[in-house]
Amino acid sequence: MHLPRRTLLAATAAAATLPATATATATATPAPAPAAAARRTRTGFERLRAAGYAQLGGERTGIVTNPTGVTRDVRHIVDVMHADDRVDLVAVFGPEHGFRGTAQAGGSEGRHDDPATGLPVYDTYLKSGQPLADVFTASGVDTVVFDIQDVGARFYTYIWTLYDCMEAARLAGKRFLVLDRPNPVTGRAALGPVLHPEFATFVGREPIAQAHGMTVAELARLFNAEFLAAPVELETVPMSGWRRADWYDASGLPWVPASPNMPTPETALAYAGTCLFEGTNLSEGRGTTRPFELLGAEGVDGRWAEAVNALGLPGVRFREAYFAPAFSKFQGRTVGGVQLHVDDRDAFDPVRTGIALLVTARKVWSGFGWRADHWIDKLTGSTWVRTAIDKGAEADEVVAGWQEELAAFRRVRREYLLYR
């Protein structure tokens, strides 16, 4: 793997706590976490507000957010900031699914005025580079703020919304402030294949691992130092009270569905592996109450659950399951397949599990096929997974094929981590 390398300014590693001086890489240092029993995660927004919004400095502010941008008492941060005289909030930027979350996958809410606040809402979905920079310029903002809950997988597009907005803010000459939130599936380790640049799309712009094991503020630091054409004037507001081994339920924060097909943190746990079924002719469970935990197709029977259970994958069991998706693949038709039941999330490896499910599905169901556009290559980041499975490779052989590039990414990743 070849990662472009730039030296991060020394100020990044030694930034002071709130309020911080605006520099290209200034970062507020997380406060030390108290004892585990008393620990409480405070999001970047909570810390920004507690410091009187000092990092906004009275500048005209726009925010990139969606329904996950909420306070501990589930008020949307746009509503909170709009009502606060200390903030000059003048614009909202809506990503895929929209600012208020009314659109399904592949859709957005378009340009409109928010009925609750009257603020202009600009559509960022499918915009990048100069066209997105022009949106920021037209909005009249001085500072762009980002606050969206991520789920920890490379192909979850909101991290690339972050990337695109950082690049556009640089082109438009705007400051960029990232408010951090937990990685719901922990930040312990990066897992899975690393994207090869020739497979870059909106489900993966740059060479990071399939399960990156980072928070959005950490990713912003990585993007700014390694991948942007030149650094944007970046600041981050880290969390306090969050540790890398924490699952989302340890944070005490409310969970808001991160998108219409990401209803729970358990969905996020499976997603980094089972989203690969989007690249096949099997259902990935969209249109059910358990997307990415239910997988199947017409003609699949109990042999699939038997085959994958026989592998003894750590932390998970598989139940023979039948379901009828309300939309997406096999809409309204009963299909057979499996449901994942994770019984030890610390032992569970979602990426290895996803590969094992692909390998066994191909063995037990004669109808198995990849999407004709080889979307699986975009999801995994190269041709390796598809071609290895087609040649009859077992799951462990497929996983072994990306270990060298994963080790290289882990070394780079380490430089940008904010939490223990």
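Mentor: Buried means under 20% relative accessible area, exposed over 50% and partly exposed in between, with a 1.4 Å probe and protein chains only. This is a predicted model, in which local features need pLDDT of at least 70, side-chain atom pairs count only at pLDDT 80 or more, and totals for chains, interfaces and linings use all residues. Residues are numbered from 1 along each chain as its sequence is written, and side-chain values use heavy atoms, leaving out hydrogens and water.

Trainee: Why is α7 called largely enclosed by the rest of the structure?

Mentor: Eight of the ten residues of α7 are buried, so the helix is largely enclosed. The buried residues are T267, A268, L269, A270, Y271, A272, G273 and T274. They pack against β9 (209-211), β11 (294-297), β13 (335-342) and α9, where contact means heavy atoms within 4.5 Å. Helices (H or I, at least four residues) and strands (E, at least two) are DSSP runs, numbered from the N terminus.

Trainee: What makes α7 oblique to α9?

Mentor: The axes of α7 (residues 265-274) and α9 (residues 350-364) come within 7 Å and cross at roughly 55 degrees. Axes are lines fitted to C-alpha atoms, for helices over the stretch in contact, and angles run from 0 to 180 degrees between N-to-C directions. Under 35 degrees counts as roughly parallel, over 145 as roughly antiparallel, 65 to 115 as roughly perpendicular and the rest as oblique; α7 is therefore oblique to α9.

Trainee: Which residues of α7 and α9 meet?

Mentor: L269, A270, A272, G273 and T274 in α7 meet P350, V351, G354 and L357 in α9.
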